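Hi everyone, thanks for coming.

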Amino acid sequence: MEIELQRASVRFNRFQAVQPTDLTIRAGEFFSILGPSGCGKTTLLRMISGFLEPTEGDVRIGGRSMLGLGPSDRPTALIFQNLALFPLMTVWENVAFGLEMRGWPRAKRRARAEELLATVALADHAGKLPDQLSGGQRQRAAIARALAVEPAVLLLDEPLSALDLKLRQHMRAELKQIQARTGITFVYITHDQGEALTMSDRVAVMNKGQIIQIGAPARIYDHPGDSFVATFVGEMNALPCKLTESGPIAQCETPLGLLRASNPNALPASSDAMLFIRPERLRPLSPGEEAENTLPARVTRRDMEGAWSMIVTEAQGRKLLVNMPNDGRGAPPEGEVRLGFEAAEALILPKGEISHD
């Protein structure tokens with residue numbers, strides 16, 4: 001089902017937790033809301049689920065207003081961070097609990113529970129207790145329980161935050177597959193950029209109670225709309241700059257000299273702005289190699305991150321990160337280096353808030 005917020009907001013006394021928001025989440029979409037802690041994303045989810053009423057505006061699901069309807073009367077199910085499985089019930093009893101509340105006979109609800117457990121690859125664990133499952137298995141059991149009541153919308157509030165890295169990566173793929181199989185609208189809350197970019201059809205980036213930008217993951221990453229999105233979603237090198245020439249490719253004066261970059265907002269000459277370049281777009285230049293922009297720097301550290309190495313460099317007192325694959329060709333040794341990037345690989349955006357998360 002489609003979800004629509006119409007100027008919906010939440011205020012606690014004088015604190016505006018969610019600014020007036022217009023938002024449409026398409027039916028059958030995997031939609032993530034990404035933002036730092038305290039930005040209002042969980043409050044927004046609770047407003048959709050019915051645990052909070054909007055202070056102003058409307059929440060509509062499937063074209064119908066949800067005002068005045070509690071969580072049990074909405075076509076939604078919510079999975080919390082702590083999963084909230086009943087410890088003394090078996091896995092199938094946990095899954096069937098919502099059906100028991102609806103008066104289903106035992107045999108029918110057990111059959112439905114086993115069908116759902118097969119969907120989430122837990123058919124052989126129906127008789128176990130939750131503490132006999134691994135973290136990923138408990139996660140899938142919670143999803144099966146939520147699906148049992150046949151919601152049109154599944155709401156997930158940072159459900160993978162307690163899992164270790166390997167299991168989180170595995171569960172990202174699992175969740176995406178479950179969503180594709182069921183066709184249910186998923187609304188996923190996270191502060192983890194990797195989760196949002198990996199799983200989502202579209203991502204909304206939120207800050208201080210306001211949705212800043214909505215788009216496909218590649219669009220959000222490659223074409224951030226402002227300085228907050230640019231620095232919150234993934235690693236980013238940022239330099240203050242003042243435009244000396246305008247145009248689609250502009251020139252600007254930075255603390256590291258004159259540099260050229262894309263100017264998507266057509267900022268005019270003399271504008272105070274920021275120049276952004278991703279670490280994977282900044283590269284060490286070999287002797288004699290040239291680039292549209294070059295910077296003298298000094299390698300101070302190499303942080304090995306598995307398939308990638310983060311090379312930490314310093315240019316005139318400013319830290320610049322360079323991301324390089326561990327492909328056997330080796331990273332530059334500590335000492336002097338020239339860095340380069342092409343103008344089309346960097347962005348000039350209006351000066352604004354920088355994320356430090």
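Let's begin with the second largest pocket: its lining residues divide into 18 nonpolar, four polar and four charged. Here Ala, Val, Leu, Ile, Met, Phe, Trp, Tyr, Cys and Pro count as nonpolar, Asp, Glu, Lys and Arg as charged, and the others, Gly among them, as polar.

A word on the ground rules. This is a predicted model, where local features need pLDDT of at least 70 and side-chain atom pairs count only at pLDDT 80 or more, while totals for chains, interfaces and linings use all residues. Residues are numbered from 1 along each chain as its sequence is written, and side-chain values use heavy atoms, with hydrogens and water left out.

What is a pocket here? On a 1 Å grid over the protein atoms alone, a pocket is an open set of points where a 1.4 Å probe fits, with protein on both sides within 12 Å along at least five of seven lines; lining residues have an atom within 4 Å of a point.

Back to our second largest pocket, which holds about 660 Å³ of space, a volume being the space filled by probe spheres set on the grid points. Of its 26 lining residues, Pro 71, Thr 76, Ala 77, Leu 78 and Val 149 lie nearest the centre. At least two lining residues come from each of β6 (76-79), α2 (91-101) and α4 (135-148). Those labels are DSSP runs numbered from the N terminus: helices are H or I with at least four residues, strands E with at least two.

How do α2 and α4 sit together? Their axes come within 7 Å and cross at roughly 25 degrees, the axes being lines fitted to C-alpha atoms over the stretch in contact, and angles running from 0 to 180 degrees between N-to-C directions. The two helices are therefore roughly parallel to each other, a label for angles under 35 degrees.

Now α4 also packs with α5, at about 20 degrees with axes 10 Å apart. That makes α4 roughly parallel to α5.

And α5 (165-182) takes us to the largest pocket, as one of the elements that each supply at least two residues of its lining. This pocket has about 780 Å³ of space. Its lining has 26 residues, with Gln 193, Gly 234, Glu 235, Met 236 and Met 310 nearest the centre. By class, eleven are nonpolar, nine polar and six charged.

Definitions and conventions. Angles under 35 degrees count as roughly parallel, over 145 as roughly antiparallel, 65 to 115 as roughly perpendicular and the rest as oblique.
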